[in-house]
Amino acid sequence: MDALKNIAKRCLPKSVLPTLRTARKVLRLPPSDQVRYGLNRFWLEKAILRYPPIAVDPPGSAPGVHLLTCHAHTLLSLYALHSFYQTSGLRNPLIIHDDGSLVAADHACYQRLFP
């Protein structure tokens with residue numbers, strides 16, 4: 001098993017390793033929990049796209065809320081931001097920092113939820 005880990009570390013890009021770790025954890029779960037994980041990961045996460053938009057102030061009007069994100073974490077960051085604005089009642093400007101992997105569809109999601 002250790003030899004396989006070493007081969008994976010040498011041959012695969014580092015960005016793939018967390019995905020492999022997650023897959024290993026899920027496969028160790030009982031089948032019913034695997035189904036529950038799949039539903040949460042792929043179906044319930046997309047529910048954020050149906051949430052009502054929250055209007056935020058324009059940049060420069062108050063201290064901003066900054067978030068560095070990537071394409072893989074778009075839905076998670078949308079949940080985090082939406083729950084932050086919903087529970088805090090603040091409407092401070094939102095500034096999204098892209099690591100270079102966000103695509104046009106991700107930008108559209110942020111624009112729709114936080115006009």
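The model is predicted, and local features were taken at pLDDT of at least 70, side-chain atom pairs at pLDDT 80 or more, and totals for chains, interfaces and linings over all residues. Residues are numbered from 1 along each chain as its sequence is written, and side-chain values use heavy atoms, with hydrogens and water left out.

The protein chain contains 5 helices and 2 strands, where helices (H or I, at least four residues) and strands (E, at least two) are DSSP runs numbered from the N terminus. Along the sequence these elements follow the pattern α-α-α-β-α-β-α. The accessible surface of the chain, calculated by the Shrake-Rupley method with a 1.4 Å probe and with only the protein chains shown counting as cover for residues, comes to about 8,100 Å². Carbon and sulfur atoms account for 65% of this surface. Of the 115 residues, 23% count as buried; buried means under 20% relative accessible area, exposed means over 50%, and partly exposed lies in between (1.4 Å probe, protein chains only). Contacts are defined by heavy atoms within 4.5 Å. Among contacts between residues at least 6 apart in sequence, 79% join residues at least 24 apart.

Strands S1 (residues 65–69) and S2 (residues 94–98) run parallel and are joined by 5 bridges; two strands pair if DSSP finds at least two bridges between them. Val65 has Leu94 as its bridge partner in S2, and Leu67 stands opposite Ile96 in that strand. Together with helix H4 (residues 74–88), S1 and S2 make a right-handed β-α-β unit. A crossover is right-handed if, with the strands pointing away from the viewer, the path from the first strand over the helix to the second runs clockwise.

The largest nonpolar core comprises 13 residues, a nonpolar core being a set of buried Ala, Val, Leu, Ile, Met, Phe, Trp, Tyr and Cys residues joined through side-chain atoms within 4.5 Å. Leu78, Leu81, Tyr85, Leu94 and Phe114 have the most contacts inside this core. H4 and helix H5 (104–113) are the elements that give two or more residues to this core, and H4 gives the most, with 4 residues. Leaving aside neighbours within four places in sequence, Leu78 is in contact with Ile48, Leu49, Cys109, Tyr110, Leu113 and Phe114.

A search of the whole structure finds 3 aromatic pairs. Rings of Phe, Tyr and Trp (its six-membered ring) pair if their centres lie within 6.5 Å, and planes under 30 degrees apart count as stacked, over 60 as edge-to-face and the rest as tilted. The rings of Phe84 and Tyr85 have centres 5.3 Å apart and planes at 70 degrees, so this pair is edge-to-face. The rings of Tyr85 and Phe114 have centres 5.7 Å apart and planes at 50 degrees, and therefore form a tilted pair. Because Tyr85 lies in helix H4 and Phe114 in the segment after H5, the latter pair ties together parts that are 29 residues apart in sequence. Ring pairs link Phe84, Tyr85 and Phe114 into a cluster.

Thr69, in strand S1, is buried at 6% relative accessibility. Not counting residues up to four places away in sequence, Thr69 touches Thr74, Ser77, Ile96, His97, Asp98, Asp99, Leu102 and Tyr110. Ser77 lies in helix H4 and is buried, with a relative accessible area of 7%. With the same exclusion of residues up to four places away, Ser77 touches Leu67, Thr69 and Tyr110.

Ala55 is placed in the loop between helix H3 (31–44) and S1. Ala55 counts as exposed, at 52% relative accessibility. Apart from neighbours within four places in sequence, Ala55 is in contact with Arg91 and Pro115. The C-alpha atoms of Ala55 and Arg91 are 7.1 Å apart in space, while the two residues are 36 apart in sequence.
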